[in-house]
Amino acid sequence: MTTAVTPSAVGQGDLPPLQSRFVDVAGMAWEPSRFPGVETKTLLVDRASGLLTVLMRMAPGARLPDHEHVLIEQTWVIEGRLVDPDGEAQAGSFVWRPAGSRHEAWAPEGAVMLAVFTAPNKFFEADGSVVDFMGQDWETAWGPAVQRTAAAAPEGPPVQR
């Protein structure tokens with residue numbers, strides 16, 4: 001049984017466990033974040049595993065401050081461009097980031113992206129705290145899920161036959 005949900009989707013709680021979940025993304029409202037000029041639509045969140053899929057919109061000049069990708073993150077840039085110290089991804093481009101990578105990212109002209117997080121990012125605050133995108137203590141909110149996911153992962157490289 002899945003523990004994943006689309007938080008603002010209507011009627012999904014009444015669906016049988018294995019039925020497909022169709023999400024009216026255009027009908028969802030953009031939700032402001034704690035970062036100026038950054039809004040999201042949460043398409044899927046699974047608190048048990050840490051999996052998170054969001055549509056993100058960044059206004060021109062908006063920034064995501066110092067953060068670490070705890071596990072692999074994947075981003076497809078739909079509009080605009082996303083820049084970080086390693087380079088940039090323009091509309092139609094895909095970028096993925098390895099677990100443990102850390103940086104800031106910004107959208108000089110604005111951007112719309114689909115981002116899939118194997119686990120939510122850690123954001124490093126000026127006071128030394130480590131929080132998630134919503135400002136919650138990262139370890140409390142996501143630590144147990146990431147530990148369960150890591151424990152369930154197979155060890156070593158895949159076996160080739």
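**Notes on the core and the surface**

1. Apart from residues within four places of it in sequence, Met 56 is in contact with Trp 30, Val 38, Glu 39, Thr 40, Leu 64, Ala 111, Val 112, Met 113 and Phe 133. Please keep in mind that this is a predicted model.

2. Met 56 also belongs to the largest nonpolar core, which has 27 residues, and it is listed with Val 38, Met 58, Leu 64, Met 113 and Phe 133 as having the most contacts inside that core. Two or more residues of this core come from each of strand 2 (38–45), strand 3 (52–58), strand 4 (62–68), strand 5, strand 8 (102–107), strand 9 (111–117) and helix 1 (138–152).

3. Within strand 5 sits Thr 75, which is counted as buried because its relative accessible area is 2%, below the 20% cut-off. Leaving aside neighbours within four places in sequence, the contacts of Thr 75 are Leu 82, Ser 93, Phe 94, Val 95, Met 113, Leu 114 and Ala 115.

4. On the surface, a nonpolar patch is formed by Ile 72, Trp 76, Ile 78, Phe 94 and Trp 96, which together have about 500 Å² of accessible area. Strand 5 (73–84) and strand 7 (94–97) each supply at least two residues of this patch.

How values were computed
Residues numbered from 1 in each chain as written. Predicted model: local features only at pLDDT ≥ 70, side-chain atom pairs only at ≥ 80, totals over all residues. Heavy atoms only, no water. Patch = residues over 30% accessible without salt bridge, like charges linked within 9 Å, V, L, I, M, F, W, Y side chains within 5 Å. Areas by Shrake-Rupley, 256 points an atom, 1.4 Å probe, with all protein chains shown as cover. Salt bridge = Lys/Arg side-chain N within 4 Å of Asp/Glu carboxyl O. Helix = DSSP H or I, 4+ residues; strand = E, 2+ residues; numbered from the N terminus. Core = buried A, V, L, I, M, F, W, Y, C linked by side-chain atoms within 4.5 Å. Buried < 20%, exposed > 50% of the residue type's maximum accessible area, 1.4 Å probe, protein only. Contact = heavy atoms within 4.5 Å.
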